[in-house]
Structures are given as structure tokens and as C-alpha cells.
Amino acid sequence: MKAALSWLARTALLYVLLALAIALAMVAWPRAAGFLEGWEEDAAGPAEVSARIAAARDAAQARLEERERAARTASLDALEARIAAARAQREMRKAALEANESEFLARYRPSRIIARKRAEIELALVENELALLEAAREPRTAYEAARSYLENNPRMPTEAAIAAARRRCMRDRAALEAFEARWEIEQGLREAFRSERSALEAAVRESCPRAQTLADRRMRALDAAAEAGRARGALAALAAEPIPRDIAQGTSRTLLRDIALKALWALLAILLLPPALRVLLYYGLAPLAEKRPPLRFDDPAASPAFLPAGESRVSLALVLGEGEEAIVRQDFLQSSSLKGAKRTRWLLDWSHPIASVASGMRFLTAVGGVGEEVLVSAVKDPLAELALLEIPPGGAAVVRPSALAGLVQRESEPVRISTRWRLFSLPAWLTFQLRYFVFHGPARLVLKGGRGVRIEPARRGRIVGQGQLIGFSTDCAYSVIRTETFWPYFFGREELLKDRIEQGAGVLLVEEAPLAGRSGVGRGIEGAMDAFLKLFGV
């Protein structure tokens, strides 16, 4: 039953994942297909892009000229239909142009630049044609009205017919005026017996308006003919505004091919610059650095000898003598006796507050009392071991404060800590350590390190990795030396420079495994922080 339910659950989950994958493909594929469209043109350069845009402009100009000729002879109904179609095309072209602008990399892909310019050319074609059609509408309307009048009135009265009609009108009016000049009795008798007045008035009413009608018809016919001529002339003179030849201007000179080439050069620089820099540093700058004179912090002849030190161990038992106190970090104080005087010490050295805080030597526990035993051990770090360095009276040692787990000092003579800057030293800059902390004796320093701290005599001189050297007595001469082999450094397995301690009567302090317990992101972050603190000697 359990196996069946498990199979059903796996099958249902597979079904849901397949459905989601198919839905995602249905949504994403049209966008991906649209984005991939035109990639065969994207290898074109600026000259080819300009040539294609110019060819598209010339083709559009030829079509505009054909439509210009058609507009001169098109009927009014055809013009109206074409105007409506051109307006619809104009809105469509504007929408297509806006859609082209919103695509990813549209300003740099040659295919999209050409498509956008083609859309601009088509929009200019439609707008210029629309202006031409609207300009042709008025003369076409006038021409068709004049032609319609002339077709409906094919016979235009002649001037002779109009003159004859006018003469008849004048004759009829003269006869009527002569009749009206007779005596009224005679007029009445003539009207009564012969209806002479009525006949004369009827003749005037017929002949005079006819003469005016003939004159008006001739005038309208002449005006219609003139209007038709002017309309034909206006239609013949119609010319569309040409599509600009400089329409290719305004396009980006940086195309996708240029971006790809720049990215390739940047990639080559990223890939080749570090190896070239490593070669330059190894064979050029490192030999100069190792030839620089060593740093000396004290006169070797005036420095007392250091007592031999034991091996590092997991825990150290510090027994306090008369007038001594132990100062231990909280996370290294494993235990202490019941009767010892204890107090909180906020900082290791108030004259160096930032270094004390950054190195972890803050909120310390000070324990005092003759014969009291303080057990020091790494409570939280399972890989840390401790070693005890005893600095004799008059002696001193350069030590990183971050390597301290605690110290034992005389209450009447606290440990004095001084700093030495080396701002004008090439080895100091190459090793990223400009400041050194010097601890002056008498004192006992509890040193911590990954898998232990080795305290070696410096009488024969040693070469130590930079991350491993945590200190040395001040009678030693400190310098740097180029790493012994090139290829481990070239592939990032070794540092460029190593620390070199020349012969002295004192000791050098070496951490066995500085990176013990670090891995992944934590190691990177801690390494960056350690490098920053090392710059200031912490």
C-alpha cells in the first residue's frame, strides 16, 4: 500500500510538472520566436544597414510616385475610399513602430533597426500619400461638378443666338411701349377687340427672360469649362512630398556586432590580463622587492636572548607569580581558581582602541593572585592550539594582536605596545602590511593558531608563507622573497612573495594552518577581512 501511494504521489507530481512545463512553453515560445526572428541580419555592419535602409526608402518612393499618378486620375469615390484606407494604415504603422521600440536590444540589433526604419519609411509613405489625397479631393470635386454640368448641358448657346434673343426682346418692348403711347380710349378699344396689349405683354415676357436665360447658360457653361480646366491643371500639378533621403540618420552606430566584439575584447582582457600581470609581477616587481633592504625594529646586539619555548597544545595552564595578572579573552578562558581576583578589562590597550576591538582583544577577563592557575583553551574553536611566548625584560616581539588569546604581565609594569609604520617600503605595500605592533617585555604571550603555533629559533633564517608568519622578535631582519617556483604562483596556488626572516638571536612565530576551519563563502569573507586587518598590522 505504501509503495502504491508513493508511486501515485510521484506520478501526480510528474504530471503537474509536465503541465507547468507545457504551459510555460506555450507562453514563452511566442516571445522567444519573436526575439529570435531576424537573427540572420544581425551580423550586418553600419554600412550594410544604411544600404538596406536606403534601398527600402527608394522602393517606397517609387510606390509613392505610382500612387501619385493614380491619384491624379482617380474618381472622387476612389479618393475617399483611399483616404479612409490610408488613415487606417497610418494608425497601424504607428502601432507597429511603437511595438518595435519596446523590444529587447532593439536599438542595437541590425534586424530591428532595419525593421524600425522600414516602419518609419512606410509611415512616411502613408502620411505623404494621405496629404496628397486630401489635396486632390478639392480639385477632383470641382472637376467632377463641372464635368457633370457640361454633360447635362451639352449645347452651349452661341453669342449670335443670345444677340438675336436680345433684339427680339427689345423689339417686343418697343412695340409695347408704342402701344402704351396711344390714347387710353384707343388702347382700350384695341385691347377689347384684338387683345393687343395682352399679346404684346406675353411676347415681352417670353422673349426677354429667354435672352437672359441663354446668357446665363452660356456664362455657366464657360465658368464650368474654366473650372474644369483649372481642376485638371491642379490635378496634373499634384506632387507628393518625397520621403526624406536622410531617414537612415539617427540610427545607433553601435550595433550588436560591435557589442559582441567589445564583449569579446573584454573577455580576452579578463582572461589574459591576470596571467600577464602575474608574469610581470613575478619577473619584474618581485625581484625588485626582494632586493630592498630588510626591515629592522631593534639593534640585534642590544636584544636579549629568548628562552626556548615548548610545543603548542590544546590548553595551557598559567600559574601566576607575585605581582602578576593574566588577561584572557572570554572565549579562551576555560577555568580559573576560586580565590583569584577577577575583573573585566574592556580593552587590551587603551592607546590602540580600534586595533584592540578589531583583533578581538576586548571585554577581557583579568585574573590576579599569587599561585593562581588560569587554564587557557579554545572553547569554541576545535582546531585551535596554543603556545606560550615569554618575552624577557628588555626584549620585544612583533606580533599581530589577532593572534593573541591572552597574556601575563606584571601589575606594576604592564605590557607596553608600540607601533611602527612602513609607508615608504615597497615590500610593505606588496605584502599589504603597513603597520607593525611591537610588544615589549617582560611578558608572557599566549598565542593561538589553527592546528597550533610553532616558535622557532631564528638563528639560521627561515622562509615562511605570508599567511603563516604571525610574529618575530625585534632583533630579526624582516624582508620578503619571491616564491620559489613560478607555475604554482601562476595558477594561484602560491602567493607572489613569502616572508623571509634573516638570522637573529630571537625567535619567529609561525601558525601551522591559518585557513583551518574555513571553507566556501565563509573562507572568502574571512580572508577578505583578514587582508584588510593585515594592512594595519592587526
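This is a predicted model: local features need pLDDT of at least 70, side-chain atom pairs count only at pLDDT 80 or more; totals for chains, interfaces and linings use all residues.
Local features need pLDDT of at least 70 and side-chain atom pairs count only at pLDDT 80 or more, while totals for chains, interfaces and linings use all residues. Residues are numbered from 1 along each chain as its sequence is written, and side-chain values use heavy atoms, with hydrogens and water left out.

Starting with the strands (DSSP runs of E, at least two residues, numbered from the N terminus, as are helices, which are runs of H or I of at least four residues), six of them make an open, antiparallel sheet in the order β5-β6-β3-β10-β13-β8. Strands count as paired if DSSP finds at least two bridges between them. The edges are held by β5 (341-347) and β8 (384-391), each with a single partner strand, so one side of each has no neighbour in the sheet. β5 runs antiparallel to β6 (residues 362-368), and six bridges join the two; Leu347 is partnered there with Arg362 of β6.

Away from that set of strands, β2 (residues 315-319) is joined to β7 (residues 373-377) by five bridges, again antiparallel. Leu316 has Val376 of β7 as its bridge partner. Leu316 and Leu318 make up the covered face of β2, with Ser315, Ala317 and Val319 on the uncovered one.

Turning to salt bridges (a side-chain nitrogen of Lys or Arg within 4 Å of a carboxyl oxygen of Asp or Glu), the count comes to 17. Arg82 pairs with Glu129, with the closest N and O atoms 2.6 Å apart.

Another salt bridge, at 3.1 Å from N to O, brings together Arg454 and Glu512. Arg454 sits in strand β14 (residues 453-457) and Glu512 in the loop between β19 (507-511) and α12 (520-535), 58 residues apart. Arg454 is partly exposed at 29%, and so is Glu512, at 32%. Shared partners link Arg454, Glu456, Arg462 and Glu512 into one salt-bridge network.

Finally, Thr474 lies in the loop between β16 (469-473) and β17 (477-482) and is buried, with a relative accessible area of 3%.

Conventions:
Buried means under 20% relative accessible area, exposed over 50%, partly exposed in between (1.4 Å probe, protein chains only).
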